[in-house]
Amino acid sequence: MQRSMPRRPLRFSTQTLLLQLAVVLLVVLLSTAVHAWLTYDRVGSDAENQALTLARTVASDPEVRAEVLAISDQPGTPPPAELLGGPLQASAEAARTRTGALFVVITDETGIRLAHPDPQRLGEKVSTDPSEALSGQEITTRNTGTLGPSAGAKVPVYAPGTSTVVGEVSVGYSMETVAQSVARDIGPVALTAAGALLAGVLGSFLLRRRLQRLTLGLEPEEISTLVHDQVAVLQGVDDGVIGVSADGRVSVFNAAAQRLLGLPDLSGSSWEDAPVPEQLKSLTRPDPRVAGPGVASGGSNQDALELVAGGRVLVVNARKALHRREDLGWVVMLRDRTELQELTRQLDAVGTMSTALRAQRHEFANQLHTLAGFLGIGQHQEARDYLAGLAATGPLKFPVDQAELLQDPYLQAFVGAKGVEADERGVSLRIGPETLVRGQVTDAQDVTTVLGNLLDNAINAAVAGSSADRWVELEVLDEPGDDGGTLHVVVADSGDGLAEGTDTEAVFAEGFTTASGPVRAGGGQGFGLALARQLARRRGGDVKVLDRGARGGPGAVFMATLPHTTAGSAAAKTTGEAGKDKNG
């Protein structure tokens, strides 16, 4: 037995169309029915008024009044044959024929017909209650009598010159005639209703097409699923995502973008007025020099750029979002490269130290071979003198002199690696006489970033400088504190200093560099000093220029203050307190 395939539910747009058509049809039918009823009621009321007018006319005729009084005064009712040929029948039929009424009936004071369109009904009691008219009241009625349904009126007949009711006149117009009149009037109404229905159908189809275009042909369930998936993806990725709609509003600002830029959710705000770095806005401005859609950047015409925000180095790119030929706006991606740069710096330091250790191992092996040679030929005194010389000068050469002033092993290793790197470039890295670090570094990441950028800048400046003696001098001093010590770092070099006319604050701007002379922007990319200052200020410290330097050397002097980066030793605190007591 073959299983039947489940029926696919109607699409939402089709359901909407059918619902709209049903609503339009219902409204048209109700409107038509109400209009038809009102027309029917109006035409019926006109027939009642016309019947009332005719009944009054007949009842006020003097001959009719006199004849009805004469018959009423007789002891009985004349036979039908006499009534058929009498003046009342003639007057009633003349009025009925002249006006097109269904009937004109005249009765005496007891309700006996004295005139009637059907001769066989003469002399009989009327089929409807005549009591109200016989009591002196004029009424309009809609009822069904012997001649069928009618709309009519009943008027009392008074004796000539008195207010005595001697009979009544009943006039009626056929309701079938009223229905025919309504049918004639309902034609335009039906045409109007058909036009309204056609307009409703056309509007429903247009609305369906627009709905399909706006929803890209997706069903509500699919749209709901897409929204949930979008939220899950955008909030789950580590990269910042900013969506800018075609009308310049921020449509997406995920949690990663908020974290990287240090901003709240900007969704719904104007992109041009958003408090984001100007470089981000420039990416979404079309380049007038480049034709066609999909240009990734503005005036710079780059695929990506780097900027410093919130103490982080971010790689940013923007792409035009297009769906077929529809412009959906821009998508801006933010990627954090801070950790990558720090890992790269640390790996470079490890590599440099590894190279230095290999060189020292080779030197140590040569010294052992020399000692082995002295002992092998029996020159014991020369061996003892050689060992004494090694003991006096040290068997291994540390790449930076006076590194013992940096009692923190992390600083010793890092500065030593930088010393090897500087030596390879022909620059001597030395420790200044004011250096003294007795505490332990507690935040190696920030210290490495700031100190490494300052040393890199100084080494680059010394290499590019015009002085024959190339050197970099580093002084580091830790200041103990109850909530963590502060590192004071001063870096000087033999370069040519800052270029003439350069503002000392301009060197900390993102992307600052010089075309010739010292590079003052971290690694030649213009972000080192900006990142170092942001990190220092985030901790409550700062990085600033102490001396601009001069052409031919010495070069510029930079100082960094890094609070809460060391844990002061007991000896350092004791010495500091003793110094205060001695000076106090």
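The model is predicted, so local features need pLDDT of at least 70 and side-chain atom pairs count only at pLDDT 80 or more, while totals for chains, interfaces and linings use all residues. Residues are numbered from 1 along each chain as its sequence is written, and side-chain values use heavy atoms, with hydrogens and water left out.

**Salt bridges**

Side chains of opposite charge can pair when their charged atoms come close. A salt bridge here is a side-chain nitrogen of Lys or Arg within 4 Å of a carboxyl oxygen of Asp or Glu. The structure has 16 of them.

| Pair | Distance |
|---|---|
| E124 and R113 | 3.5 Å |
| D496 and R551 | 3.2 Å |
| R533 and D542 | 3.5 Å |

Let's take E124 and R113, which pair up through their side chains. E124 sits in the loop between strand 2 (113-115) and helix 5 (131-134), and R113 is in strand 2, so their bridge ties together parts 11 residues apart in sequence. (Helices, H or I of at least four residues, and strands, E of at least two, are DSSP runs numbered from the N terminus.)

How accessible are these residues? Buried means under 20% relative accessible area, exposed means over 50%, and partly exposed is in between (1.4 Å probe, protein chains only). R113 is buried at 4%, while E124 is partly exposed at 32%. Both also belong to a network of salt bridges with D118 and R121.

Next come D496 and R551, joined by a salt bridge. D496 lies in the loop between strand 14 (485-493) and helix 14 (522-526), and R551 in the loop between strand 15 (542-547) and strand 16 (557-567), so this pair links parts 55 residues apart in sequence. D496 is buried at 7%, whereas R551 is exposed at 69%.

In the R533 and D542 pair, R533 is buried at 9% and D542 is partly exposed at 23%.

**The largest cavity**

A cavity is a set of points, on a 1 Å grid over the protein atoms alone, where a 1.4 Å probe fits but cannot get out; lining residues have an atom within 4 Å of a point. Points are joined across faces, edges and corners, and volume is the space filled by probe spheres set on them. There are 2 cavities of 30 Å³ or more, and the largest holds about 220 Å³. Of its 21 lining residues, F103, V105, S127, T128 and S170 are the closest to the centre. Strand 4 gives the largest share of that lining, 5 residues.

Methods:
On a 1 Å grid over the protein atoms alone, a cavity is a set of points where a 1.4 Å probe fits but cannot get out, and a pocket is an open set with protein on both sides within 12 Å along at least five of seven lines; lining residues have an atom within 4 Å of a point.
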